[in-house]
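Subject: Handing over the structure, with notes

Dear colleague,

I am passing this structure on to you, together with some notes on what was found in it. Please keep the sequence and the model open beside this message as you read.

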Amino acid sequence: MTLHLLRVAAGVKSVDHLREVVERYTYHHDEYGLVMPLTTRNRPKRQEELLTGGSAYWIVKNVILARAPLIAFEEFQTGDGRMAINMLIKPEVILTEPRPKRGFQGWRYLKPEDAPIDLGVKGTGQSYDDMPVEMMTELKELGLL
């Protein structure tokens with residue numbers, strides 16, 4: 001069964017800003033190609049489920065707005081000697097239907113049935129790339145998106 005992660009994009013103000021952050025931290029990994037690391041202290045116990053089609057969903061300003069496919073998990077030692085985990089994702093920002101969600105620290109599991117669908121999946125062919133987060137959220141609450 002596939003499983004997803006939910007994570008707050010701390011300090012990110014918009015989808016464009018999220019794209020800039022992803023681009024800034026993307027690097028070439030010897031085994032996986034282009035990746036972006038999401039660092040955490042706790043290794044997910046359900047890694048197999050996460051790596052069978054799972055994604056990391058981002059909360060931006062208390063709204064789930066985008067996702068990126070998960071690739072792998074790597075353990076490393078921090079500068080102060082503690083162990084940490086890099087969750088490696090494809091450096092893509094796939095927009096999803098906006099869904100209000102309160103922030104939290106760290107990450108949480110997200111069941112597939114609770115995950116918002118990708119924008120444009122319904123065959124509309126519309127792009128909401130330039131729309132402000134607040135407007136997307138309000139249109140969604142009004143049932144217009």
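In the largest nonpolar core, which has 27 residues, the members that touch the most other members are L18, L38, W58, L70, M87, I89 and V93; a nonpolar core here is a set of buried Ala, Val, Leu, Ile, Met, Phe, Trp, Tyr and Cys residues joined through side-chain atoms within 4.5 Å, and buried means under 20% relative accessible area, with exposed being over 50% and partly exposed in between (1.4 Å probe, protein chains only). At least two residues of this core come from each of α1 (15–25), β3 (33–40), β4, β5 and β6, and β5 gives the most, with 6 residues. Helices (H or I, at least four residues) and strands (E, at least two) are DSSP runs, numbered from the N terminus. A second, separate core has 7 residues, L6, Y57, I59 and L110 among them. As general background, nonpolar side chains tend to be buried together in soluble globular proteins.

Before going further, please note that this is a predicted model, in which local features need pLDDT of at least 70 and side-chain atom pairs count only at pLDDT 80 or more, while totals for chains, interfaces and linings use all residues. Residues are numbered from 1 along each chain as its sequence is written, and side-chain values use heavy atoms, with hydrogens and water left out.

As for the overall layout, the protein has 3 helices and 8 strands, which follow one another along the sequence in the pattern β-α-β-β-α-β-β-β-β-β-α. Of its 145 residues, 41% count as buried. Where contact means heavy atoms within 4.5 Å, 67% of the contacts between residues at least 6 apart in sequence join residues at least 24 apart.

Strand β1 (residues 4–8) is largely enclosed by the rest of the structure, because 4 of its 5 residues are buried. Which strands pair with β1? Taking two strands to pair if DSSP finds at least two bridges between them, β1 runs antiparallel to strand β8 (residues 107–110), to which 4 bridges join it, and R7 has W107 as its bridge partner in β8. With β4, β1 pairs in the parallel sense, again over 4 bridges, and there the bridge partner of L6 is Y57.

W107 also belongs to the 1 aromatic pair that the structure holds. The ring centres of W107 and Y109 are 5.1 Å apart and the ring planes stand at 75°, so the pair is edge-to-face; rings of Phe, Tyr and Trp (its six-membered ring) pair if their centres lie within 6.5 Å, with planes under 30 degrees apart counted as stacked, over 60 as edge-to-face and the rest as tilted. W107 is buried at a relative accessible area of 14%, whereas Y109 is partly exposed at 30%. The charged end of R46 sits over the ring of Y109, 5.2 Å from its centre, which by definition requires NZ of Lys or CZ of Arg to be within 6 Å of the ring centre and within 35 degrees of the ring normal.

N86, in strand β6 (residues 83–89), is buried, with a relative accessible area of 14%. The side chains of N86 and T39 are joined by a polar contact of 2.6 Å; such a contact is a pair of N or O atoms within 3.5 Å, where, within protein, one must be able to donate a hydrogen and the other to accept it, and residues adjacent in sequence count only if both atoms are side-chain atoms. Not counting residues up to four places away in sequence, N86 touches P37, L38, T39, A72, F73, E74 and F76.

Two loops deserve a look. K61 lies in the loop between β4 (55–60) and β5 (63–77), and N62 has its place in that loop between β4 and β5 too. Phi is positive in both, near 50° for K61 and about 65° for N62. Most residues other than glycine have a negative phi. K61 is partly exposed at 45% relative accessibility, and N62 is partly exposed at 47%. In the loop between β6 and β7 (94–100), P91 is 68 residues from E23 in sequence and 7.1 Å from E23 in space, C-alpha to C-alpha.

With best wishes
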